[in-house]
Amino acid sequence: MPVTGSQSRAPQPSPSRRTLLTASAAALTTGGATATTARAAVRAPRDDASLRALVSRMTLEEKAGQLFVTRVYGASATDPDQASIDANLNEFGVRTAAELIAKYRVGGIIYFTWAHNTQDPHQITALSNGIQRASLAQPRGLPVLIATDQEHGIVCRVGRPATLFPGAMAIGAGDSLEDARALGRVSGAELRAMGIRQDYSPDADVNVDPANPVIGVRSFGADPDAVARLVAAEVTGYQASGVAATAKHFPGHGDTAVDSHYGFPVITHSRELWEKLDAVPFRAAIAAGIDSVMTAHIMVPALDDSGDPATLSRPVLTGILREELGYDGVVVTDSLGMEGVRSKYGDDRVPVLALKAGVDQLLNPPSLDVAWNAVLAAVRGGELTEARLDESLLRILRLKAKLGLLDEPYADPARTDRVVGTRAHLALADRIADRTTTLLVNRGGLLPLSRRKHRRLLVVGADPASPSGTTGPPTTVLAAAFTGLGFTATALSTGTSPSADTVARAVAAAGDADAVVVATYNVTAGSAQQTLVGQLVATGRPVVALAIRNPYDVAQLPSAQAVLASYSWTDVELGAAARVVAGRVRPRGRLPVDVLRADDPTQVLYPIGYGLSY
């Protein structure tokens, strides 16, 4: 339970504020209040003086809690299933989201699929409203800023029936600012309709390392200027819908072969190169009015040679981001449970050092209790001042006010069906996807396939776990798409590392097909996937390879007669690729990254901007 410390402020009366918030909570039914009711119930302050007054009434414990954005398990704020109750008890010592809010007074909640938060739009809306109701019921209660990672493509927490768009690198291949804005506008509208007001997107990293294991197709590409334009466009779209966009991962995570979830990446860019490459999209995001910036758990010695990750670096976050780039919005850490930020300091030191560096929101610490108490101890011991906490609280409250949370904390359940996953939104996603598929090889004009000559299709290849909320597996989705386009398609999953027996089965099945489509996933030299493609080509049947993640696969597939890139294996991207292969739409995507030669990685095989059509 919260313990009152020597520097805690005694709660000061605020009858008008409490009356308004209580009235708003009381107006809410089990499913949530209407937008009209919420708007009428609350007239929250917006100017800094009024926001500072709210801060001044908070106890130290409440202030510390408001800085945290945490996971919580369950589809309901008050009545989760037993598995979620057990997980909450194990990690937080509470049973429900409502109890967690009462104990720690957190200012933010992040939704995850694996935490059972995002089962369907109506459930998400009810969960969001339950969280707000629980927070507003507390003394001096404030609305919670609910966030998630809805990047689209391979990272999505809210799945079908919500609208799922192509991921960032696919958008980079389409290179349409209008499409990027439309994605942000529609995705933002759907998130807001479910009570989610902050999206940890777009990714502003410039992916110049083909071996990058954590960013890759989550980036718009390798050209900093193109990435900057698309980042700014998507930010504009999201924020026009009343959802805070988040540019990540500052100061730039695009040139590393180490995943900061599991290690500590060091990026050796010079300051000059950083300015020309990594900084460009973040400058564009700031110029577009970005609401929040997420830090990276990486070290860039040219920016700070202390050995600390950027998340804990005052020279990077205060010196560069705030003072040099002029950013005064909310700074949120990447997850504090990642190894990149835990390798040097203990979990009790990380949140304190992040605040000293200039962070405002502390995201998902491995132990909320340890982190929360560490912040309290740092203030009581004099390492942090209460004024420093107030500085971040003011930024967070400004953002909540801007997003309308202080006026309308609740989502309107009646809007869910009218906004989320509408026919118009789904059609827009398909049209955008149709502009992203990239044709890289088409020997002898094999594509588009003919229903007359190639009616019987065999679809084989990798079946990685499908991104949240998509149908999957990819071979099955592709086969169904081809069948819907008039072909007779059969799916045979061969995996990312097919055995000799599996390859033999695929070769035998190819004998009954007129053409073979192979879904490839991160092919490397001498790999079993490379062997599979080679042996299928040796059958004499036409072979079409579709790189369903990284477009770099094409360099490892010299024998395939046709090669395309979809940049992800979500339904919307696979459907678009099938339409291109079938000739229903012509390929229009252009590579947003360089593809290097397999035999000489110093040479470019296919440059940025390359793409065939018919």
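In this predicted model, three strands form an open sheet in the order S7-S8-S9, with parallel pairing. Strands S7 (246-250) and S9 (330-332) are the edges, each pairing on one side only. On average, neighbouring strands are turned by 25° against each other, direction ignored. Strand S8 (residues 292-295) pairs with S9 in the parallel sense over 3 bridges. Met294 has Val332 of S9 as its bridge partner.

Helix H13 lies across S7, S8 and S9. Its direction is at about 135° to S7. H13 spans residues 314-324, and its buried residues are Val316, Leu317, Thr318, Gly319, Ile320, Leu321 and Arg322. Ser313 caps the N-terminal end of the helix. A side-chain oxygen of Ser313 lies 3.1 Å from the backbone nitrogen of Val316. After H13 comes Gly326, with a positive phi near 75°.

In soluble globular proteins, nonpolar side chains tend to be buried together. The largest nonpolar core here has 126 residues. Leu100, Ile131, Phe250, Ile290, Leu321 and Leu362 have the most contacts inside this core. Helix H16 (residues 368-380) gives the most to the core, with 8 residues. Apart from this core lies another, of 67 residues, including Phe482, Ala519, Val533 and Leu591.

The surroundings of Leu362 were then examined. Leaving aside residues up to four places away in sequence, Leu362 touches Leu67, Phe68, Val69, Thr333, Leu336, Pro351, Ala354, Leu355 and Val375.

Technical notes:
Residues numbered from 1 in each chain as written. Predicted model: local features only at pLDDT ≥ 70, side-chain atom pairs only at ≥ 80, totals over all residues. Heavy atoms only, no water. Core = buried A, V, L, I, M, F, W, Y, C linked by side-chain atoms within 4.5 Å. Buried < 20%, exposed > 50% of the residue type's maximum accessible area, 1.4 Å probe, protein only. Helix = DSSP H or I, 4+ residues; strand = E, 2+ residues; numbered from the N terminus. Contact = heavy atoms within 4.5 Å. Polar contact = N/O pair within 3.5 Å; in protein donor to acceptor, adjacent residues only side chain to side chain. Pairing = 2+ DSSP bridges. Axes fitted to C-alpha atoms, helices over the stretch in contact; angles between N-to-C directions.
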